Amino acid sequence: MLKILAIAPYQNLKTKIDEIAEDFKTLYVESYVGDLSVGLAIAQKKASKFDVVISRGGTAKLLAKYIDRPLVEIDLSLLDILRVIRLVEVYKYNYAFIGFSNVTEKIKLLGQILSKELQVITISSSAELPEIIAGLKKQGYSMIIGDNITFNEARKNNLNSILIESGDESIQNALVAARYLGTELQKRTEQYRLIDKTLMAFDETIMVISKQGSLIYQHNKNFSKKRNQAILRELKGKLANSSTDTLTRFSRSEGQLYRINAKLRNALWFVLVSPLQISSSQTAPISNFLPAPKQDVSSVNIGNLSKDI
């Protein structure tokens, strides 16, 4: 069962999430109330135990920056915004919409569709709100409309305020998206596990190395730190200075002989390190068995490589 963490900026949203989540039998949904930094603190503590996180508005934008779990935003639909616009149409005094860009862009769009001139102010941080709202109050505005942080700040300034709430449709859409995203991620995770098991069934080591020689990824079986460092030292200069997109070398570390094949793709070197079983009695010079400059290395007989390279 997929596990979903819901961070709701206000209590009514949590209540709605809990109610609607009952219809999603394949999801385990755990919800908390926390706006902005409070919500972030909850998510940082809990998110590692969940597959997907859902939240809304400015809180969702903040979580996206600081948590390492996939995040689905509970959107504000045009219908959600239209409900508020219809509500304030009869209001005789000045009012303004304030919010983060993910909210205000939709308000502006709906204003254009309805041919209405709406006062819409976009903020990038909640720290901007006190000054903006105080300024609007001086200009004669008596109603502020926005998300939870805007709603609370307006109330502190003794202004009327309306919270733009997410409707049931928006919450359902977020849960559907979270279910799809979580399911796809589980499939990918299982594929990666299968690949990992496949690689572990062989003795080869796989590396991904940047053109500058930095190790980006490595999958190996029983590869010691000393052996790993020796192979990387061997490769670093050779790969960085290579004039071709393929490279084959032989290397020895801790008494084990290796064949190294490397291919350059999309500015990354993909390296396969294969251990070679060489009899200690076979002592012919290695130069006798290294491939010619343009020879297909798959045809080289390496049975008599010497123990001392």
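**Exercise 1.** In this predicted model, which side chain meets that of arginine 83 in a salt bridge, and in which helices do the two residues lie?

*Solution.* Step 1: find the partner. The side chain of arginine 83 pairs with that of glutamate 169, with an N to O distance of 3.4 Å. Step 2: compare this value with the cut-off. A salt bridge requires the nitrogen and the carboxyl oxygen to be within 4 Å, and the distance here is 3.4 Å. Step 3: place the residues. Arginine 83 belongs to helix H4 and glutamate 169 to helix H8, so the pair links distant parts of the chain, 86 residues apart. Step 4: look for further partners. Asp80, Arg83 and Glu169 are linked in a network of salt bridges.

**Exercise 2.** Classify arginine 83 and glutamate 169 as buried, partly exposed or exposed.

*Solution.* Step 1: recall the limits. Buried means under 20% relative accessible area, and exposed means over 50%. Step 2: apply them. Arginine 83 has 40% relative accessibility, so this residue is partly exposed. Glutamate 169 has 35%, so this residue is partly exposed too.

**Exercise 3.** How many residues apart are aspartate 18 and lysine 14, and is lysine 14 buried or exposed?

*Solution.* Step 1: locate the pair. Both residues lie in helix H1, 4 residues apart, which is about one turn of the helix. Step 2: check the bridge. The side chains of aspartate 18 and lysine 14 meet at 2.8 Å, N to O. Step 3: classify each residue. Lysine 14 has a relative accessible area of 19%, so this residue is buried. Aspartate 18 has 29%, so this residue is partly exposed.

**Exercise 4.** With which residue does aspartate 75 form a salt bridge?

*Solution.* Step 1: name the partner. Aspartate 75 bridges to lysine 106, and the closest N and O atoms are 2.4 Å apart. Aspartate 75 sits in the loop between E4 and helix H4, while lysine 106 sits in helix H5, 31 residues apart. Step 3: give the count for the model. By this rule there are 11 salt bridges.

**Exercise 5.** Which residues touch the most other members of the largest nonpolar core, and what is valine 29 in contact with?

*Solution.* Step 1: name the residues. This core has 22 residues, and Ile17, Val29, Ile54 and Leu175 touch the most other members. Step 2: list the elements. Those giving two or more residues are strands E1, E2, E3 and E4 and helices H1 and H8. Step 3: take valine 29. Leaving aside neighbours within four places in sequence, valine 29 is in contact with Ile4, Ala6, Ile17, Ala21 and Leu175. Step 4: look elsewhere. Another core, of 16 residues, lies apart and includes Val84, Ile85, Val120 and Met143.

Methods. Residues numbered from 1 in each chain as written. Predicted model: local features only at pLDDT ≥ 70, side-chain atom pairs only at ≥ 80, totals over all residues. Heavy atoms only, no water. Core = buried A, V, L, I, M, F, W, Y, C linked by side-chain atoms within 4.5 Å. Buried < 20%, exposed > 50% of the residue type's maximum accessible area, 1.4 Å probe, protein only. Contact = heavy atoms within 4.5 Å.
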